[in-house]
Amino acid sequence: FLIISSACTLWLIFRRSEFIAAQKYVLLEIKPPRNLVKTPLAMEAFLSGIHVGPGESNWYAKWIKGGVRPWWSLEIASLEGQVHFFIWTRVNFRRMIETQLYAQYPGVQVTEAIDYTRVISAEHKEWTVWGCDYKQTTKDPLPIKTYMEYGLDKVQKEPEQVDPLANIIEFMSSFGKGEYFWLQF
């Protein structure tokens with residue numbers, strides 16, 4: 001029983017590794033319109049729209065082809081004070097990403113971008129780097145509030161309008177020459 005179980009696990013790891021290595025990926029830059037009057041509910045609808053599960057739809061796709069569910073990286077990058085929004089995805093999901101974005105944000109521009117992590121020097125002696133991962137340490141991470149508790153699920157008048165990303169975007173735009181800040185989800 002242990003040998004068969006271990007062999008099945010190793011087979012699945014092997015097939016999935018081959019499947020993932022065979023995929024092609026693309027980095028898309030998202031340029032939102034200047035006057036965006038959408039609530040965070042539009043982004044929630046976008047994220048729900050891209051959450052499909054075609055990778056493990058049946059036993060053949062999972063165990064023989066090695067299919068895995070798709071994942072994305074939503075990224076905000078400050079490149080010397082210029083803030084950019086990116087999404088990293090498989091090439092075959094590009095069309096779906098674009099249509100979901102256009103459905104929620106009609107004025108958005110989506111273009112293929114070069115990997116911004118490759119434009120800086122890779123010499124480790126030239127950089128001072130800091131990074132972290134967050135981990136949930138308690139069972140109930142309160143007091144986290146959602147956009148609904150702030151009343152952002154309804155369109156507000158211009159003076160009352162609150163942008164939940166304004167603080168981080170302003171912080172990221174304050175970086176100077178030679179400074180980079182990458183935030184990836």
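Asp 115 is partly exposed in this predicted model, with a relative accessible area of 32%. Its salt-bridge partner is Arg 118, and the closest N and O atoms of the two are 3.7 Å apart. Arg 118 counts as exposed, at 68% relative accessibility. Elsewhere, salt bridges with shared partners join Arg 94, Glu 98 and Glu 112 into one network.

**Overall architecture**

- The chain contains 5 helices and 5 strands.
- Along the sequence, these elements follow the pattern α-β-α-α-β-β-α-β-α-β.
- The chain has 185 residues, of which 26% count as buried.
- Its accessible surface is about 13,900 Å², and carbon and sulfur atoms contribute 59% of that area.
- Among contacts in the chain with a separation of 6 or more, 74% are between residues 24 or more positions apart.

**Salt bridges**

- The structure has a count of 5 salt bridges.
- One of them pairs Arg 15 with Glu 18, with 2.5 Å between the closest N and O atoms.
- Arg 15 and Glu 18 both belong to helix H1 (residues 2-22), where a spacing of 3 residues separates them by about one helical turn.
- An α-helix has 3.6 residues a turn, so residues three or four places apart point the same way.
- Glu 18 has a relative accessible area of 37% and is therefore partly exposed.
- Another salt bridge connects Lys 177 and Glu 80, whose closest N and O atoms are 3.9 Å apart.
- This pair links distant parts of the chain, 97 residues apart: Lys 177 is in the loop between helix H5 (166-173) and strand S5 (180-184), and Glu 80 is in the loop between S2 and strand S3 (82-90).
- Lys 177 is exposed at 76% relative accessibility, while Glu 80 is partly exposed with a relative accessible area of 33%.

- Glu 75 is located in strand S2 (residues 73-79).
- The Glu 75 side chain does make a polar contact of 2.7 Å with the side chain of Ser 73.
- A polar contact of 2.5 Å also joins the side chain of Glu 75 to that of Tyr 116.
- Beyond its neighbours within four places in sequence, Glu 75 is in contact with Leu 27, His 84, Phe 85, Phe 86, Trp 88, Tyr 116, Leu 183 and Gln 184.

- Glu 29 is part of strand S1.
- The side chains of Glu 29 and His 84 are joined by a polar contact of 2.6 Å.
- When residues up to four places away in sequence are not counted, Glu 29 touches His 84, Phe 85, Phe 86, Gln 109, Val 110, Thr 111 and Ala 113.
- Glu 29 and Ile 87 are 58 residues apart in sequence, and their C-alpha atoms are 6.6 Å apart in space.

**Helix H4 and its cover**

- Helix H4 (residues 94-104) has Met 96, Ile 97, Glu 98, Leu 101 and Gln 104 as buried residues.
- The elements that cover these buried residues of H4 include strand S1 (25-31), helix H2 (40-50), S3 and strand S4 (109-113).
- Glu 98, one of the buried residues of H4, is also a member of the salt-bridge network with Arg 94 and Glu 112.

**Cysteines**

- The structure holds 0 disulfides.
- A disulfide is a covalent bond between the sulfur atoms of two cysteines.
- Cys 8 is partly exposed, with a relative accessible area of 37%.
- Cys 132 is likewise partly exposed, at 41% relative accessibility.

Conventions:
Residues numbered from 1 in each chain as written. Predicted model: local features only at pLDDT ≥ 70, side-chain atom pairs only at ≥ 80, totals over all residues. Heavy atoms only, no water. Helix = DSSP H or I, 4+ residues; strand = E, 2+ residues; numbered from the N terminus. Polar contact = N/O pair within 3.5 Å; in protein donor to acceptor, adjacent residues only side chain to side chain. Contact = heavy atoms within 4.5 Å. Disulfide = S-S within 2.5 Å. Buried < 20%, exposed > 50% of the residue type's maximum accessible area, 1.4 Å probe, protein only. Salt bridge = Lys/Arg side-chain N within 4 Å of Asp/Glu carboxyl O. Areas by Shrake-Rupley, 256 points an atom, 1.4 Å probe, with all protein chains shown as cover.
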